[in-house]
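Please open the structure in your viewer and keep the selection tool at hand.

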Amino acid sequence: MNKKSILLFLPFLFFAIIGIAQTPKTITGTVLSSGDNLPLPGASVIVKGSTPIVGAVTDFDGEFSLDVAADATTLVVSYVGFQSQEVAISDSPLTIVLKEGTFFDEVVVVAYGTQKKSLVTGAISSIKSSDIESTPALRIEQALQGKTSGVTILPNSGSPGSGIKVRIRGVSSNGKSDPLYIVDGMKTGNIDNIEPNDIESIEVLKDAASAAIYGTEGANGVIMVTTKSGKAGKAEINYSFQYGTQSVNTKMDLMNAQEYTDFMQESGAGTISNPDGTDTDWLDAIFETAPMQKHHLNFSGGNEKSTYMISGSYYNQDGVVGGSKANFERFTARINSKHKIKEWLEIGNTFSYSNINKSTITEDDEYRGILNNALLIDPITPVTESGITTRISEAINDGHTILQDENGNYYGMPRYVTGEAGNPIALLKTFNGGITQDKILGTFFAKLSPIEGLNITSRFGIDLTYQVNHIWSSKFYFSPERNNTSNTIDDDIDKWFTWLWENFATYNKKINDHDFTILAGYSSERYQHPNYSLHSGPMPQEGGNYAYHDYRTSQESDKVGGGLEENAKISYFGRLSYNFKHQYMFEASLRYDEASVLPEHNKGAFFPAFSAGWAVSEENFWSVEKIDYFKLRASWGKNGSISNVIENEDKEFWTTENIYYIDGEGNYISGARVGKITNPNLEWEKSNQLDIGFDLKAFDGKLSFSTDYYIKKTEGLIFLNTFASSVGRDAPYFNGGTVENKGFDFETSFRNKIGDLSYRVNFNLSTLNNEVTELTSKTFQSGANVRGYDVTMFDVNEPIWYFYGYKTNGIDDATGEVIVVDVNGDGSITPDDQTNIGNPHPDLIYGGSINLEYKNFDLNIFLQGTKGNDIYMAWFRMDRIFSNKPSFFYNDRWTEAGDNASMPKPNNESDDVYRSDLMVQDGSYMRIKQIQLGYSLPKSILKRTGGLEKVRAYISLDDYFTFTKYKGLDPEVGSEDDNSQGIDRGAYPIPRKFMFGLSVNF
């Protein structure tokens, strides 16, 4: 080769060498925890100094793969709660072991920001996405049950899509005691539209110091939900699927035909005839196996400038009572994003949409509930008739509609039970239509960082819900008290709209070992709830296609109604947080709220809070080697609750209806007067809470333990006043009661690894003592009413809404009669002897889990329960003497002199039986919420696919095993009414579920 050729070749050789030098190479590795050598999924791996940022996120097995430039030398690896580490790049697979932070360096979400857990001085419990990913929970509240101390979850029902009551550290009001829900910074009335798989974390603010910055809405605690966001690095696709079957497993038995016959005849109700030998098990007839399924798809990713998370889900569940008549269906969609516009400006959004369709049947009703009817109807009645009975023939001749099954058989009409009770299988045919709801929940924010340490955020949020409850009635006939002769249409149309605009600034400044963070902000919000009701009929023909008001055949029954609820609020808030060397911590907050719902001269109030912490283990004198970290903390705060305030109590509303006076000539002249007495001094409920606790970690971070003792006193509970009828006007609402809740919260966890076996054990327990300590009215306040009787009461020195009735002292072995206690000692049994016969509030609530991992297998066991709460069986009908009873009424009854019986001789009508503590049972239970066995495909197989990062399949038994002494259908008895906790009117049971699940990650 001559010189000229060499010179021509050199440039090509130079660029080839550069090209070779710049050829990217692939780096692989695994990130592990130093404490237990477990993989850390979601750890960030970034090439140091790369611009734009080059990085990846570890998968579920802590593994990563990253293409880097040939001249890259160092990786920066970080994970929340662990110390970041720089690692030299090498060609061989890397094993990176991260050390845990000093203690609780995990970041938790607090009001208007985040905070290291080591600096938290309040009582905050945190639940991460990994704790709820594989549960079949429809609602976030279900995923919370048993996961944290101090939180009681009370399902209103076991039916699909039913509501749930959450109580943080007890029931604090005679009215609503619901916590405040915050989703990505936006207040919302409920969280049933949030897909649990979209959740990054849930924080429960339990003490007043943590929640006081929410002022008038923090008295019942705060639940803060943070949804997932994308991470810079590799894009991810996650899909999960669940399918299951539901069934009912209950210990409850009703009297069969022979027992029913004997009981009725012994009671003197009358002679029972059963010529056909019918013996219907109505519980077996009403319960069915029902399917449920869920799909969830998630896309996430981003770079150093923008991140995104897009998800969608579908959930469908039939009912174990009613099937498709009790169906719940939900679609959700979510878009979360963040964008770094400038170094000093970040914008973003969290936006979700949900569509819910719910079919409903009547529940929690001692007269017309479906399950109530199944409990009451006599076993002599068949589900369907073998022909046309005389009674059916007469009803048809009278023009009534008798329902038939799909084969044309007439449904059985009650042989003996009278009144509203009907064939529950036939009654299911009468429910048509249901609820359709569309909801948008979202926030839009901009964050400015003009100087180091200062962040200024402006955030606007909306919560918009449209709901239509559209039903139409079928024609049917069961009895003169239970029939319908016309097809009618009813629509209830609601719109709930809240907007919230918040502006707040946070400034952090470190001066040597002193660390200050100051928060100051302002918020404004408005709420509107217009509602409309429409009724018309008759329909031209029975069927959903004709259930529209334009199709009605007459205008005579048309009714239109509606109203508007509207209120607004402005707030100012601030917080100072200080710590010295992470050893001494102090925090103070103050909020001022002004609400339109309150009287003119009483619209505003201040809500202060203080908390402090001392990391004792950071002191020089600390010498307990096994305890890594020990912190004492205490807090006090004042919160409010505006949810029970009645609007316009200070305003006079005049009426002219039925008001006349006589003039001088004896003529009646129309007059006017104030319709209701005003109360210009009405206030919101106010809660004061003291909390003392400590946190520790031991054995190189394997053991964590926290405990708190709290006293929470809620004052100014709102009641409707009572006046003598001679006053002639309605009474106003007033502040007139105080409730105190106190107890201990305990949370502990332990994790370790032995060879290939990794395990983690979690347990939480809370004690609760609930007592009314003040009532300014002269008499107690009545609550829930069953069959015309008040069965819950609010009175001093008693638990809130305790059960009210006759106390018994066994069964007279000579007569079989109930021995009723003469409480007031006047020598006779009268209604004045009614007293406290039961407490619906548990003394203990607890939950625990065991998580095992061995190679590619995992086993998760989770249990939850209560201790010390009572349940009042309230479905009995003394006015329908032929109604059926549970079998223990028969098996445990007194039959002859000398019997040592727990139940009296057969009796269908006595107050001594059905309004006494004989109807109250121990509602304590332990439920194994989940036993789940999973298997993940080995990495060696996944690598051959070229795209799959994780595939896990599992089977699960959920709510399958329950241990309880309660003889009803289900110990988790719920109600929509706040004064009906623990009252069983024929509760829809929580079904057990056999689930199969699959999750795939790309």
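A residue is called buried when its relative accessible area is under 20%. Asp959 has a relative accessible area of 10%, so Asp959 is buried. The model on the screen is a predicted one.

Lys929 belongs to strand S55 and Asp959 to strand S56 (residues 950–964), so the pair ties together parts that are 30 residues apart in sequence. Is Lys929 buried or exposed? Its relative accessibility is 12%, so Lys929 counts as buried.

With a relative accessibility of 31%, Tyr935 counts as partly exposed.

Side chains of opposite charge can pair when their charged atoms come close. In the whole structure, a search finds 48 salt bridges. Select Arg167 and Asp178, whose side chains form one of them at 3.0 Å from N to O. Arg167 is in strand S12 (residues 164–168), while Asp178 is in the loop between S12 and strand S13 (180–183), so the pair ties together parts 11 residues apart in sequence. Arg167 is buried, with a relative accessible area of 4%, whereas Asp178, at 33% relative accessibility, counts as partly exposed.

Next, select Lys569 and Glu525. Their salt bridge has its closest N and O atoms 3.7 Å apart. The pair links distant parts of the chain, 44 residues apart: Lys569 in strand S28 (residues 559–580) and Glu525 in strand S27 (residues 514–536). Both Lys569 and Glu525 are buried.

**Fourth stop: aromatic rings**

A pair of aromatic rings is described by the distance of the centres and the angle of the planes. The structure holds 33 aromatic pairs. How are the rings of Tyr112 and Phe504 arranged? Their centres are 5.2 Å apart and their planes stand at 65°, so the pair is edge-to-face. Tyr112 lies in the loop between strand S8 (107–110) and strand S9 (113–116), and Phe504 in strand S26 (residues 489–511), so the pair ties together parts that are 392 residues apart in sequence. Tyr112 and Phe504 are both buried.

For a stacked pair, select Phe610 and Trp636, with 6.4 Å from centre to centre and 20° between the planes. Phe610 is partly exposed, at a relative accessible area of 42%, and Trp636 also counts as partly exposed, at 32%.

**Last stop: charges over rings**

Select Lys147 and Phe862: the charged end of Lys147 sits over the ring of Phe862, 4.0 Å from its centre. Then select Arg893, which lies over the face of Tyr890 at 3.9 Å from the ring centre.

Key. Residues numbered from 1 in each chain as written. Predicted model: local features only at pLDDT ≥ 70, side-chain atom pairs only at ≥ 80, totals over all residues. Heavy atoms only, no water. Phe/Tyr/Trp six-rings, centres within 6.5 Å; stacked < 30°, edge-to-face > 60°. Helix = DSSP H or I, 4+ residues; strand = E, 2+ residues; numbered from the N terminus. Buried < 20%, exposed > 50% of the residue type's maximum accessible area, 1.4 Å probe, protein only. Lys NZ or Arg CZ within 6 Å of the ring centre and 35° of its normal. Salt bridge = Lys/Arg side-chain N within 4 Å of Asp/Glu carboxyl O.
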